[in-house]
Amino acid sequence: MPARDALSDRLIPVQRLRPGDHAFVGYGDDEVRWEAVTAFVRLGLARGEQVLVLPCPTVPEEEVLARIDFPSRSTVRARECGQLRVTSMRELIAPDAEFTADRQMARLHTAVDRARAEGYSGLRAFIDMGWVAALGADVAAVARRETGAHALFAGRPYTEVCAYDRRRFDPAVVTAMERAHPRAVLERLGSLRAVSGPDGAVSFVGEADAANRAGFVRSLEIALARTAVVRRLTVDLTRLHFLSVGCAVGLLTLVRGATGHDLVEVCCDRGQHRTLRRLGAEAVPRLAAREVVGPC
């Protein structure tokens with residue numbers, strides 16, 4: 001069923017992160033937390049970026065590397081040439097012992113410039129915020145950094161994910177930190193969220209694959225029911241990382257049967273638009289599939 005909250009319009013799958021994005025991800029499970037970081041690292045390496053991983057200080061580097069490499073030792077070469085580095089906040093701000101936002105951002109700014117000079121397309125960093133307690137940092141100072149870091153990202157090839165373990169932080173702090181980030185990342189790979197918007201519009205976030213087909217179709221049915229009075233529905237697919245043929249067929253089938261609607265507008269990226277066309281979208285009455293850049 002579609003969910004609505006103040007942060008939904010900023011929610012994306014980790015695969016949709018782009019240079020300049022500053023994102024929050026929360027986790028409350030020791031196994032789940034490795035999903036986002038592994039995908040984040042591997043995508044960065046594939047895109048020719050330098051990647052920094054700052055894990056929770058309580059996690060040994062050997063475990064971090066084993067998790068990222070599973071099931072194959074795919075990052076060994078990247079580590080050997082310096083494209084992938086496992087480091088820490090203490091090392092990042094050294095020789096300073098005390099965290100300040102200005103020092104941290106200045107060093108990340110320098111790291112981005114160095115990465116470009118060394119031939120990388122940019123820099124990305126995954127920062128587990130467990131370092132806050134380990135360094136005895138002031139949470140208020142960290143919050144100011146999260147809200148005042150625009151210059152580090154604007155127009156620069158830098159991407160950052162800040163990961164908050166909900167078991168280590170007060171719930172109010174986690175909520176405030178999530179609001180401080182322009183982006184929020186889905187916690188689980190392969191998951192699907194349906195987000196309701198103005199006038200009953202529905203936006204899908206994550207992966208619309210075979211495992212999520214029933215939920216995808218059900219959310220569309222609910223959206224069509226909610227918009228029966230206005231007779232128009234907008235469906236936004238642009239925040240999906242994957243759209244299966246089965247889910248695309250489900251969408252077209254429902255729109256074909258939506259005789260109570262005058263128009264169902266589907267916003268999609270180039271690949272999704274091509275899939276819908278190949279499945280006969282142009283022959284479906286009331287359907288208008290529109291290729292867009294970014295959410296509609």
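**Sheets and helix packing in the predicted model**

In this predicted model, strands β8-β9-β10-β11-β12, in that order, form an open sheet of five strands with mixed pairing. Its edge strands are β8 (192-196) and β12 (287-291), each of which pairs on one side only. On average, and with direction ignored, neighbouring strands of this sheet are turned by 20 degrees against each other. Within the sheet, strand β10 (residues 232-243) and strand β11 (residues 263-268) run parallel and are joined by five bridges. Val 235 stands opposite Val 266 in β11. Helix α11 (residues 245-256) packs on this sheet, where it touches β9 (202-208), β10, β11 and β12. The direction of α11 makes about 175 degrees with that of β10.

A further open sheet contains seven strands in the order β1-β7-β2-β6-β5-β3-β4, and its pairing is parallel. Strand β3 (residues 50-54) runs parallel to β4 and is joined to β4 by three bridges. The bridge partner of Val 53 in β4 is Val 86.

Strand β6 (residues 158-165) includes Asp 165. Asp 165 counts as buried because its relative accessibility is 3%, under the 20% cut-off. When neighbours within four places in sequence are left aside, Asp 165 is in contact with Tyr 27 and Gly 28.

Helix α7 (residues 139-147) also meets helix α9 (residues 171-180): their axes come within 9 Å and cross at roughly 20 degrees. Because of this angle, α7 is roughly parallel to α9, the cut-off being under 35 degrees. The crossing of the two helices is left-handed. On the α7 side, the contact is made by Val 139, Val 142, Ala 143, Glu 146 and Thr 147. Helix α9 contributes Val 173, Met 177 and Ala 180. By class, the residues of the contact of α7 with α9 are six nonpolar, one polar and one charged.

How values were computed: Residues are numbered from 1 along each chain as its sequence is written. This is a predicted model: local features need pLDDT of at least 70, side-chain atom pairs count only at pLDDT 80 or more; totals for chains, interfaces and linings use all residues. Side-chain values use heavy atoms; hydrogens and water are left out. Two strands pair if DSSP finds at least two bridges between them. Helices (H or I, at least four residues) and strands (E, at least two) are DSSP runs, numbered from the N terminus. Axes are lines fitted to C-alpha atoms, for helices over the stretch in contact, and angles run from 0 to 180 degrees between N-to-C directions. Contact means heavy atoms within 4.5 Å. Angles under 35 degrees count as roughly parallel, over 145 as roughly antiparallel, 65 to 115 as roughly perpendicular and the rest as oblique. A crossing is left-handed if the near helix is turned anticlockwise from the far one by less than a right angle, and right-handed if clockwise. Ala, Val, Leu, Ile, Met, Phe, Trp, Tyr, Cys and Pro count as nonpolar, Asp, Glu, Lys and Arg as charged, and the others, Gly among them, as polar. Buried means under 20% relative accessible area, exposed over 50%, partly exposed in between (1.4 Å probe, protein chains only).
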